[in-house]
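Reader: I would like a close look at one part of this model. Keep it brisk, please.
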Amino acid sequence: MKYLVTDSRDIRYNLALETYLMEHANLDEPILYFYINSPCIILGRYQDAYEEINQEYVDQHNVIVTRRTSGGGAVYDDLGNVSFSFITKDDGDSIGNFHKFTDPVIAALHKLGATEAKMTGRNDLQINGKKFSGNAMKTEKGRMFSHGTLMYDVDLSVIGKALNVPADKIASKGIKSVHSRVTNLKPFFKPEFQNLTIEEFRDTLAKTILGVEDLNDAREYELDAKTKRDVEELNQSVFSNWDWIYGQSPKAAIQHRKHFPQGTVDFRLTIKDGRITTLTTYGDFFGQKPIEEFEKQLIGTRYEQTAVKNVLDNIELSNYFGKISETDILDLLLRQE
């Protein structure tokens, strides 16, 4: 087995590298790939971005949002998490067999002191009923990867904020995440492993799985200049692409209603592929022009702040909403309750 670590802390690049290796690397032997990410949310392949994330929190705290090619639920990562991926040929007996790829990881965690770590259900790793790892798989053309997270020292207080989705915001057909109780691994480790840096934890884990005393003795998978260029192109065209992240969301119906001193405004929107497809406005506000003129100008707009604001900036909103400000209209259109 070969070994690869990326210095990038950008989840989008790291997922692009994983996908590129699955599609193009020489997989005569598997690749064990580790990556560490700055604060980010990774959506499952079939999830609704608007249903899973707290967009306001994400924007305010510069949390990167992307979508992976594998299924499953949304996860939050930060610099206290290590992600691992086994990239290999599909031998016909591996898809759905999470034990095959997580057993070596669990064995390594046991050696570090987390002796209660185990797989539960289909693809989660837990300690004492609390989840510290989610796992997913992807297969294509006889190749596959099985990847997962390992929460060593993640800021647990952020998870409920970044993934805190209003219960009544959206009625959709997307797959909802089940945000289980979670825990970090650090408190369960032996004392000598409770003060590791995240890189030291990664390297200790790698040495144990690979069976070497020094990572210099491991066989590294090397990336040439062409591979690095191709990975960056894949990053930009897919994992950093708004249409891939938000445009993959299923059709969703949204209602936002608020009473202002100048009257009540009630927006009813339908979002499909991340864009406003229908908009109907109700209320007792005072406008001079038909509200349908306002609504038509937003059809086809990306359902995100910059795009919607750009449209509103070019509309004389007082013609439709009287003295209700543009800021109030924008906030109501995009509000997370």
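In which strand does Asn-135 lie? And what surrounds that residue?

Author: This is a predicted model. Asn-135 lies in strand S9, which covers residues 130-140. Is Asn-135 buried or exposed? The relative accessible area of Asn-135 is 4%. The cut-off for buried is under 20%, so Asn-135 counts as buried.

Next, the side chain. Asn-135 and Ser-133 are joined through their side chains by a polar contact of 3.2 Å. Now set aside the neighbours within four places in sequence. Asn-135 is then in contact with Phe-84, Phe-98 and Thr-102, among others. Asn-123 and Leu-125 also touch Asn-135. His-147 and Gly-148 complete the list of contacts.

Helix H10 spans residues 305-312. Ala-307, Val-308, Val-311 and Leu-312 are buried there. Seen down the axis of H10, the buried residues fall within an arc of 135 degrees, so they line one face of the helix. What do they pack against? Their partners are helix H9 (291-298) and helix H12 (326-334).

Helix H1 (residues 11-24) packs with helix H7 (residues 225-239) at an angle of about 115 degrees. Their axes are 8 Å apart. The contact includes Tyr-13 and Leu-17 of H1, and Val-231 and Phe-239 of H7. Its residues divide into eight nonpolar, three polar and five charged.

Technical notes. Residues numbered from 1 in each chain as written. Predicted model: local features only at pLDDT ≥ 70, side-chain atom pairs only at ≥ 80, totals over all residues. Heavy atoms only, no water. Buried < 20%, exposed > 50% of the residue type's maximum accessible area, 1.4 Å probe, protein only. Helix = DSSP H or I, 4+ residues; strand = E, 2+ residues; numbered from the N terminus. Arc of directions from axis to C-beta. Contact = heavy atoms within 4.5 Å. Axes fitted to C-alpha atoms, helices over the stretch in contact; angles between N-to-C directions. Nonpolar A, V, L, I, M, F, W, Y, C, P; charged D, E, K, R; others polar. Polar contact = N/O pair within 3.5 Å; in protein donor to acceptor, adjacent residues only side chain to side chain.
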